[in-house]
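I opened my notebook to look up a few helix contacts and aromatic rings. Here is what I looked at.

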Amino acid sequence: MTKVLISGASVAGPVLAYWLKRYGFEPTVVERAPALRHSLGGHAIDLFGPAMEVAERMGLLTEVYAARTGTKTMTMYRPGRPPIDADVDRLAAGISSRHVEIMRGELTKLLYDASADDVEYIFGDSIASLDDDGEGVDVTFEQGEPRRFDLVIGADGLHSNVRRLAFGPEASYLKYLGGYLAVYTVPNYLGLDGQMLVHPAIGKLVGTYPVHQTGQARALFLWRRPEPLSYDYRDVDQQKDLLRQEFAGSGWEVPKLFSYLDEAEDFYLDSISQITLDHWHRGRVALVGDAGYSPGPAVGGGTSLAMVTAYVLAGELASYADPVAGLRAYEDQVRDFVLENRKVGPSMMKALVPTSKAGVWLTVHALHLINKLPTGLQNLVTRQSLGFAKALDSIELKDYQPSKVG
Ligand SMILES: Cc1cc2nc3c(=O)[nH]c(=O)nc-3n(C[C@H](O)[C@H](O)[C@H](O)COP(=O)(O)OP(=O)(O)OC[C@H]3O[C@@H](n4cnc5c(N)ncnc54)[C@H](O)[C@@H]3O)c2cc1C
């Protein structure tokens with residue numbers, strides 16, 4: 001049986017493990033976190049058309065729908081004018097034929113549960129070294145004993161460890177999109193129910209949305225910055241200070257949201273950056289999901305990309321007797337989809353975080369218009385104002401009938 005080591009147990013990792021196991025491979029998943037992330041932790045993510053199709057093929061559609069965040073309305077605030085309410089489902093319909101918003105932790109839990117019975121999961125460890133001799137890969141771990149695998153796949157996110165080990169330092173293919181994002185938990189002090197609030201300004205966007213399962217809410221900040229910030233990624237207090245400096249003097253709900261910043265235990269801050277590699281395997285080591293082609297956190301539909309590409313990778317591996325031929329076929333299958341989706345992040349940044357007063361006006365008025373038009377025209381305006389055609393739907397999923405088992 002072909003032994004496949006997968007680094008990362010979030011979205012791409014468990015989807016890949018599930019399908020590989022089904023096709024007769026022997027997957028092992030190693031995850032750096034000591035346990036599965038809390039199912040209600042993290043941020044809200046979107047599953048669009050083909051990713052919903054993958055969930056359906058995994059028999060998870062009912063569970064995915066049941067776990068929806070329930071956000072129905074996006075309320076956009078405008079200085080000196082009444083706020084505008086937009087129907088979230090109608091907005092999403094302009095991007096994809098199907099859409100569900102779900103907390104990332106809940107999705108991970110569903111994907112893990114679907115695969116955990118017959119896949120080996122190792123938590124609290126990380127790959128320390130990889131040695132691909134052309135016939136297999138010798139792997140050492142930070143904690144566990146060395147092992148040999150036929151293939152190693154990095155599904156370990158934007159700052160992938162496998163990518164660093166096999167493709168070199170990330171600076172050479174991390175493309176900064178000119179902004180940052182921060183997210184953390186706050187009490188639902190506004191009593192939000194099925195409603196996300198956003199406040200756009202020049203170069204800045206603040207939002208808050210409820211997490212109905214916990215009774216709490218999240219604060220979300222996006223802002224533009226020509227040059228990347230310099231900070232210690234382990235120093236959360238320093239990062240909180242950077243956020244405070246960036247939004248100093250801001251009105252609306254910002255002072256109140258900041259009053260919960262000190263106590264936030266799940267504070268997250270990162271640059272909005274893409275991975276721009278053009279090849280996703282070297283010998284017997286390959287990348288999938290954010291590790292290979294993050295379109296930019298919060299602006300690019302990375303979760304759908306991760307689910308879809310993991311499905312394709314497993315299917316292509318199962319279609320070839322030679323695993324390296326399977327990896328090549330995987331690259332060919334996902335290339336156009338990945339490149340199309342690379343355009344989404346910059347467009348979305350432009351729409352969400354405009355750089356001028358006119359840009360803010362356009363964003364607000366596009367929303368206003370979308371809300372008032374009949375559905376067909378709404379879809380058109382959504383696509384026009386975001387500047388990309390249905391990139392997330394631009395892949396036809398094969399119904400893989402593996403010719404090779406394991
Ligand atoms: C704040 C925020 C908001 C977002 N909003 C959206 C959204 O609205 N819509 C959307 O579609 N996407 C959104 N995204 C992006 C989305 O979360 C990712 O695209 C998606 O989770 C990618 O899945 P993945 O499995 O490829 O990687 P990740 O989800 O990043 O998972 C990587 C996994 O690898 C593990 N790992 C890391 N290093 C190691 C190591 N050394 N060894 C072993 N394991 C390791 C991590 O712990 C993690 O479990 C958002 C991201 C962020 C940060």
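Is Tyr311 buried or exposed? I found Tyr311 buried, with a relative accessible area of 1% (buried is under 20%, exposed over 50%, partly exposed in between, with a 1.4 Å probe and protein chains only).

I noted that this is a predicted model, where local features need pLDDT of at least 70, side-chain atom pairs count only at pLDDT 80 or more, and totals for chains, interfaces and linings use all residues. Residues are numbered from 1 along each chain as its sequence is written, and side-chain values use heavy atoms, without hydrogens and water.

Next I looked up the ring partner of Tyr311. The rings of Tyr311 and Tyr400 have centres 5.6 Å apart and planes at 55 degrees, so I logged the pair as tilted (rings of Phe, Tyr and Trp, its six-membered ring, pair with centres within 6.5 Å; planes under 30 degrees apart are stacked, over 60 edge-to-face, the rest tilted). Tyr311 sits in helix H10 and Tyr400 in the segment after helix H14 (375-386), 89 residues apart (helices are DSSP runs of H or I, at least four residues, numbered from the N terminus). Tyr400 also counts as buried, at 9% relative accessibility.

I then counted aromatic pairs: the structure holds 17. Another tilted one joins Tyr189 and Tyr260, at 5.8 Å centre to centre and 35 degrees between the planes. Tyr189 is partly exposed at 26% relative accessible area, whereas Tyr260 is buried at 14%.

Last, I checked for a cluster. Tyr176, Tyr180, Tyr184, Phe221, Trp223, Phe247, Phe258 and Phe267 form one aromatic cluster.

How values were computed
Helices (H or I, at least four residues) and strands (E, at least two) are DSSP runs, numbered from the N terminus.
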